[in-house]
Amino acid sequence: MAKLFYAGISGLGSAVPDKIMTNADWAKLVDTSDEWIRTRTGIEERRICAEDTAASDLAFLAAQRALQSAQAAPEEIDLIVVATSTPDYPIFPPVAALLQDRLGCGKAGGFDLSAACSGFGYGFYTAAQFIESGELQKVLLVCVDTLSKNVDRTDRSVCVLFGDGAGALVLERTEVGYGHLASIVGLRGSGAPDLIVKLGGSKTPLTKENIGNQDQYISMNGKGVFKFAVNIMGEATEQAIRKAGLTNKDIDFFVPHQANIRIIDAAMRHLDLAPEKVIVNIQKYGNTSSASIPLALDEAYRDGRLKKGSLIATCGFGAGLSWTANVLRWGK
Ligand code: UT7
């Protein structure tokens, strides 16, 4: 469908906790090794929240940086969209409301969006619609997750994978042909049990009896998710590129969800991309869920890799099982 307007990224920001946890640190706690984690996942270290740091604390820092980068005042923001699976409070209020108050976004409405590690892609696609329709002027998208708080610290197959972080973007109208070009989304709900936190929702609410039970933590069929992801990442990205009327060769940068370097490498081969076109920072942050794509995008922007006109493809996947891919032309 033809767009009325184009939605561009006018500002970007990110935030991670100060505390670094290396593979060697994990090896002191569970039966693992730096060698295993590095070769099977590509992760070398990750950032871990302090106990009293909540999602909204990281989100606030990333959002402040994005507003600054967009040279936008908080009062100009029309809508706050927060993509997260780890809100400060499990039921309500949404993180968007906490941010609205703390940032001073006086006129903004807002809501949280739950799409697990696909949160950036679903959030970007959603936020762009409000700008492309001409309905709103400035939308703040914040992707934040603190999954280190939801891992069983004795389960080596999961605990070493996740880190915490936040990435934020300001979206507003941009030149024709720039900003968001195309998106695709998908779900394979039959895979829901493959990546799940069973306790604490309406299906099995927390009770005095079940608190402390294993089911409060992330349970993952690693091999199942791996098999799904290794195929979907390349295919979904290609679909989005085609939807934008482009070919794989047109892509200047690919920003994949940072879950496993072997999954990223498979997508890179599928798309026939040179390694320098793929933005990877999994070694420093591990899997930061919804934050991983904007964290990598922000890094590439700050180190000068992204140039005005750069064509960027992103792809995320995760619990659901869900996926999403976006294509955009950098306009800053
Ligand atoms: O955002 C989406 C989130 N999730 C994902 O993207 C996860 C996708 N899956 C993966 O990334 C990989 O499947 C993992 C990294 C989770 C696991 O790698 P794998 O190559 O699939 O290993 P595996 O599960 O087949 O396990 C191989 C061996 C097992 O030992 P045995 O049975 O062969 O003796 C595991 O017990 O590796 C063992 N293992 C470990 N060893 C040392 C599993 N985790 C660890 C560990 N350290 N941390």
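Predicted model: local features only at pLDDT ≥ 70, side-chain atom pairs only at ≥ 80, totals over all residues.
## Helix 10 and its burial

A residue counts as buried when its relative accessible area is under 20%. Helix 10 spans residues 292-302, and because nine of its 11 residues are buried, the helix is largely enclosed by the rest of the structure.

Just after helix 10 comes Gly 304, whose phi is positive, at about 85°.

## Strand 7 and its partners

Strand 7 covers residues 165-174 and is mostly covered, with eight of its 10 residues buried. Strand 7 is joined to strand 1 (residues 6-15) by nine bridges, and these two strands run antiparallel. Within this pairing, Gly 11 has Val 170 of strand 7 as its bridge partner.

Strand 6 (residues 138-145) also pairs with strand 7, through eight bridges and in an antiparallel arrangement. Here the bridge partner of Val 142 is Ala 168 in strand 7. As a general point, the side chains of a regular strand alternate between the two faces of the sheet.

## The surroundings of the ligand

The ligand is surrounded by 22 residues, of which the closest are Thr 32, Arg 40, Lys 223, His 257 and Asn 260. Classified by type, this shell holds 10 nonpolar, seven polar and five charged residues. Domain 1 (6-177) and domain 2 (181-329) each supply at least three residues to the shell.

## Polar contacts and cover of the ligand

Which residue has a side-chain N or O atom 2.6 Å from an oxygen atom of the ligand? That residue is Lys 223. The side chain of Arg 262 likewise places an N or O atom 3.0 Å from a ligand oxygen atom. At Gly 222 the backbone takes part, with an N or O atom lying 3.0 Å from a nitrogen atom of the ligand. On its own the ligand has 940 Å² of accessible area, and the protein covers 74% of this.

Two or more residues of the shell come from each of helix 2 (34-41), helix 6 (156-159) and helix 7 (222-243). Helix 7 gives the most, contributing four residues to the shell around the ligand.

How values were computed. Residues numbered from 1 in each chain as written. Heavy atoms only, no water. Near = heavy atom within 4 Å. Polar contact = N/O pair within 3.5 Å; in protein donor to acceptor, adjacent residues only side chain to side chain. Areas by Shrake-Rupley, 256 points an atom, 1.4 Å probe, with all protein chains shown as cover. Nonpolar A, V, L, I, M, F, W, Y, C, P; charged D, E, K, R; others polar. Domains from an automatic or database assignment. Buried < 20%, exposed > 50% of the residue type's maximum accessible area, 1.4 Å probe, protein only. Pairing = 2+ DSSP bridges.
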